[in-house]
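Here is a friendly walk through one protein chain and the ligand that comes with it. Have a look at the sequence and the 3D view first, then read on.

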Amino acid sequence: MALIELKDVSKLYGFGDATSVALDEVNLTIEQGECVAIMGPSGSGKSTLMNVIGLLDRPTHGNYHLSGKRVSRLGSNQRARLRRDKIGFIFQSFNLLPRLTAVDNVALPLLYKGVSFTKRVKKAWDLLERVGLGDRAYYYPRQLSGGQAQSVAIARALVNDPQLIIADEPTGNLDSNSSRLVMELLSEIHKTGNTVLFVTHNPELTRFATRVVYMQDGAIKYDEQTKLGEVGRYARSVMYAVPETTEEDDLAGVSVLINALHQQAAPKAKKKTARAKKTTTKRKRVAK
Ligand SMILES: Nc1ncnc2c1ncn2[C@@H]1O[C@H](COP(=O)(O)OP(=O)(O)O)[C@@H](O)[C@H]1O
Ligand SMILES: [Mg+2]
């Protein structure tokens with residue numbers, strides 16, 4: 001049984017002439033254990049799709065089954081309960097409460113669940129250690145870097161042991177090092193058995209996914225399986241230059257570009273020369 005099954009799901013906003021179609025008869029099935037990257041231009045419906053799947057919002061038309069249960073017509077209280085028990089959210093803006101320490105932010109969802117103080121704190125501490133922030137438990141959000149704040153948010157998303165993690169542009173506010181750290185955490189969570197959906201504008205981050213879904217105008221345009229560690233094929237085609245493996249990440253952008261330029265300029269037989277030149281360039285850069 002699929003974890004997520006959307007059948008002809010549409011989401012409309014507004015009325016009459018002002019109606020906008022955020023989701024246009026989307027069909028999507030996601031199995032337990034997948035790690036899906038969602039890409040697509042701004043306004044293509046990525047967040048709406050995440051909100052519908054995450055039970056924050058209800059589709060206007062169509063059916064949604066979560067773990068075999070029809071959830072598309074549930075009222076807000078029932079959706080809230082399912083969300084609490086099954087789904088962890090991570091947002092671009094971290095959404096931490098500024099007046100609570102890291103450990104209290106992580107423990108907060110357990111308070112709503114009626115878990116005792118000792119158990120709450122213990123669980124929150126364990127999770128902060130898991131995301132590498134055991135020594136920042138009593139820091140306030142403003143005392144943390146962006147990457148650390150997002151790691152706290154990830155710990156909080158995990159506190160109810162959710163089956164499904166939904167991250168809407170989790171690295172949207174982070175520099176490339178913090179982005180990688182956050183994606184590595186999400187990847188670890190995926191490897192321990194969670195299903196993870198994340199929205200990204202960065203094709204490079206599709207390396208962490210087992211599948212990439214591309215949206216356009218509220219519909220799914222491409223949907224491809226990818227190998228962990230590799231950039232999605234379509235994602236690669238929209239990138240300026242990207243290597244196929246993670247080897248020599250820092251140099252790769254440059255070398256691939258050089259390679260591409262040589263291939264453009266030279267007929268096939270000269271490929272070898274291009275590659276040799278590429279290596280020389282790399283060495284020069286390393287030597288710098
Ligand atoms: N609450 C809302 N009210 C009206 N229109 C909305 C609302 N949320 C999203 N939309 C519209 O739905 C479309 C998809 O938005 P969204 O899902 O946020 O796209 P993305 O996350 O891919 O940028 C856009 O045209 C947006 O303007
Ligand atoms: Mg969005």
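In what follows, a residue is buried if its relative accessible area is under 20%, exposed if it is over 50%, and partly exposed in between, using a 1.4 Å probe and protein chains only. Helices (H or I, at least four residues) and strands (E, at least two) are DSSP runs, numbered from the N terminus. This is a predicted model, where local features need pLDDT of at least 70 and side-chain atom pairs count only at pLDDT 80 or more, while totals for chains, interfaces and linings use all residues. Residues are numbered from 1 along each chain as its sequence is written, chains are lettered from A and ligands numbered from 1 in the order in which they are written, and side-chain values use heavy atoms, with hydrogens and water left out.

**The chain as a whole**

The chain has 9 helices and 10 strands. Of its 288 residues, 46% are buried. Contact here means heavy atoms within 4.5 Å. Among contacts in the chain with a separation of 6 or more, 64% are between residues 24 or more positions apart. The accessible surface comes to about 15,100 Å², and carbon and sulfur atoms hold 50% of that; such areas come from the Shrake-Rupley method with a 1.4 Å probe, and for residues only the protein chains shown count as cover.

**A helix on the inside**

Now find helix 3, residues 102-112. Because 8 of its 11 residues are buried, the rest of the structure largely encloses it. The buried ones are Ala 102, Val 103, Asn 105, Val 106, Ala 107, Leu 108, Pro 109 and Leu 110. And what covers them? Helix 4 (117-130) and helix 5 (146-158) are part of the answer. Just past the end of helix 3, Gly 114 has a positive phi of about 85 degrees.

With a relative accessibility of 0%, Gln 150 counts as buried. A polar atom of its side chain lies 2.8 Å from the backbone oxygen of Phe 91. That is a polar contact: a pair of N or O atoms within 3.5 Å, where within protein one must be able to donate a hydrogen and the other to accept it, and residues adjacent in sequence count only if both atoms are side-chain atoms. Leaving aside neighbours within four places in sequence, Gln 150 is in contact with residues including Ile 90, Phe 94, Pro 170 and Val 182.

**Rings that pair up**

Rings of Phe, Tyr and Trp (its six-membered ring) pair if their centres lie within 6.5 Å; planes under 30 degrees apart count as stacked, over 60 as edge-to-face and the rest as tilted. By this rule there are 5 aromatic pairs. Phe 89 and Phe 91 are a stacked pair, because their ring centres are 5.9 Å apart and their planes lie at 5 degrees. Phe 89 is buried at 15% relative accessibility, whereas Phe 91 is partly exposed at 27%.

Tyr 214 and Tyr 222 pair edge-to-face, with 6.1 Å from centre to centre and 90 degrees between the planes. Tyr 214 is buried, at 4% relative accessible area, while Tyr 222 is partly exposed at 38%. Together with Tyr 234, Tyr 214 and Tyr 222 form one aromatic cluster.

**Around the ligand**

A residue is near a molecule or strand if one of its heavy atoms lies within 4 Å of it. The residues surrounding ligand 1 include Tyr 13, Ala 22, Pro 41 and Lys 46. Which element gives the most to this shell? Helix 1 (residues 46-53) does, with 3 residues.

| Residue | Polar atom in | Distance to a ligand 1 oxygen |
|---|---|---|
| Gly 43 | backbone | 2.7 Å |
| Ser 44 | backbone | 3.2 Å |
| Ser 47 | side chain | 2.9 Å |

Taken alone, ligand 1 exposes 560 Å², and the protein buries 57% of that.

Most residues other than glycine have a negative phi. Asp 8, though not a glycine, has a positive phi of about 50 degrees. Asp 8 sits in strand 1 (residues 4-13) and is partly exposed at 41% relative accessibility. Asp 161 also has a positive phi of about 50 degrees without being a glycine. Asp 161 lies in the loop between helix 5 and strand 7 (164-168), and at 55% relative accessibility Asp 161 counts as exposed.
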